[in-house]
Amino acid sequence: MRLSRYYIPTLKEDPADADVVSHKLLMRAGMIRKLTSGIYNYLPLGLRSINKVAAIVREEMDRAGAMEVLLPMVQPADLWVETGRWDYYGKELLRVKDRHGRDYCLGPTHEEVITDLVRGEIKSYKQLPVNLYQIQTKFRDEIRPRFGLMRGREFIMKDAYSFDKDEDGAEKSYWEMFEAYRAAFSRIGLRFKPVQADSGAIGGDFSHEFMVLADTGEDTIASCLSCEFGANLEKARVKLPEAKPEVDESAVPAMEEVATPGVHTVEEVCSFLDITADKLVKTLLLVVDGEPVAALVRGDRELNDIKLRNIVGGNEIEMADEALVRELTNAPVGFAGPAGLDTNVPIYADRELTMSTDWVAGANKSDTHVLHLALERDCTIERYADLRVIEETDPCPECGGKIEFTRGIEVGHVFKLGLKYSEKMEATFLDENGKSKPMVMGCYGIGVSRIVASAIEQNNDENGCCFPPSIAPFEVCLISLGGKDQDVADKAEELYGEIMKLGVDAAYDDRKERPGVKFAEADLIGYPMQLVLGGKGLKNGIIEAKDRKTGEKIELPLDGFAEAFTAWRKEIWNNWGLEIA
């Protein structure tokens, strides 16, 4: 492509509303433009990268046996009512009415639509398994869209759905998709890690996220240094010590109230009573699907509200507001405790609290705490469970080894859905014995447009993007410095033709711009390979070749250029850990 005829509206300065590096560089490199909050126009360069990601994903889906379809973005409310998600999905679901007053939504995901399609077509076990996928626009009305393509409201996604006759088949489909994801992200050139994850609004009881490793990632990942364990922080299990200490609650003195005027926080209580935080029980009041619950964790720990939500079996969870706290405890925020709490509030306690006793806690009375709390003696505990956030000092929950925290960006998610949708929507088939059974489902998503932003987050420098060659808008940029030198211009034209004959995706910068402008924009856009031809090089029979990732420059001969370029190109791909397609 000749850049003199190409639309690349680059910017010299970072946009004022861009916070993360990918958002800044996508805007400055002329790849996207904001239409409104969380919604972007994809410009030619940006769309080229997105299409390259989609092509790799499509190839791996096809190789794994999935078949491509295209489903409507506008979905009737009736299907969402069937599964109960019309109300549950919340405000992220953009609801609209047609001219007849019928309810619809813009699809944030397509479980209902695909299940409706399959239930009308598949009647026998002989037609299973089936795996259907699409690459299409989704819309989720995020409350705070931010970070450009990282968390927009409208985005491009690949979503696949598998249908099997039994759990064994569903297990096989799940791991086939898992491996297809590994292959796709490896081919794209991303440094990534699959981790255990919470299934969230999609549902199901087992899932993995594929995380691009980047310091700017929104998610924290707990990874073991000794084994393959990795989990999103909201999912990571906490392993208790193998040897549980003897806890004798009968030896604990009677519970005693103590005045703690104006002392609300854990730090204030510990300072006032001269104790350490691990001697305190922290009582947190939350609301799960409209019903209040209490959660207990040690004073130096943090509650994992996702774990609590899953234990309680609810959908939406939020902290109780100040008015509800006063209603349940007869005290302001900061004095809640498990002893004497409103009997209508079930209490869930972190398992770690069984490792000791003789606690300090709130007294459900203003400016008052209690000493010598024994949970089993003084409280009614609904259930002990793993409720806290894992910490780096905790052992690996699988092998007991050391864990570390890293940051990641979610670019893919695979789910075992089980019977969640097929039972509610009566997506059934007749088995070998003629008995009607619900199909066992799986769901598999990849954020196609988000991958482009994630690749930039992971690969950039002070000059701009450093795209992997597999998904760069153009793999190589040939820069002509001929100006009015017709000999240089003619040779550059000849070289451009040779590169095109090799089947390489190339941009030819034939613009009448200063060399500095061409060099700066080539670095900003992030072409993996840059070729620079000037008068001096032509005279000496060489062309300068630059590796954008490393900045390394070498000289390629003009005589025998195609062979030398092909060898250098292979080296560039190898340095990314990639094989040329």
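Helices (H or I, at least four residues) and strands (E, at least two) are DSSP runs, numbered from the N terminus. The model shown above is predicted: local features need pLDDT of at least 70, side-chain atom pairs count only at pLDDT 80 or more, and totals for chains, interfaces and linings use all residues. Residues are numbered from 1 along each chain as its sequence is written, and side-chain values use heavy atoms, with hydrogens and water left out.

**Aromatic pairs**

Start with helix H16, residues 561-575. Phe565 and Trp568 both sit in H16. They are three residues apart, about one turn of the helix.

The structure holds 14 aromatic pairs. Rings of Phe, Tyr and Trp (its six-membered ring) pair if their centres lie within 6.5 Å. Planes under 30 degrees apart count as stacked, over 60 as edge-to-face and the rest as tilted. Here are two of the pairs.

| Pair | Centre to centre | Angle between planes | Class |
|---|---|---|---|
| Tyr174 and Trp175 | 5.1 Å | 85° | edge-to-face |
| Phe565 and Trp568 | 6.3 Å | 55° | tilted |

Next comes burial. Buried means under 20% relative accessible area, exposed over 50%, and partly exposed in between (1.4 Å probe, protein chains only). Phe565 has 0% relative accessibility, so Phe565 counts as buried. Trp568 is buried too, at 6%. Tyr174 is buried at 0%. Trp175 is partly exposed, with a relative accessible area of 31%.

Tyr174 and Trp175 also belong to a cluster linked by ring pairs.

Helix H2 (residues 44-63) packs against helix H12 (residues 448-458). Their axes are 9 Å apart, at an angle of about 115°. Axes are lines fitted to C-alpha atoms, for helices over the stretch in contact, and angles run from 0 to 180 degrees between N-to-C directions. H2 is therefore roughly perpendicular to H12. That label covers 65 to 115 degrees; under 35 counts as roughly parallel, over 145 as roughly antiparallel and the rest as oblique.

Contact means heavy atoms within 4.5 Å. From H2 come Ser49, Ile50, Val53 and Ala54. They meet Val448, Ser449, Ile451 and Val452 in H12. By class, this contact has six nonpolar, two polar and no charged residues. Ala, Val, Leu, Ile, Met, Phe, Trp, Tyr, Cys and Pro count as nonpolar, Asp, Glu, Lys and Arg as charged, and the others, Gly among them, as polar.

**A covered helix**

Helix H5 (residues 111-119) is mostly covered. Seven of its nine residues are buried. Among them are Glu111, Glu112 and Arg119.
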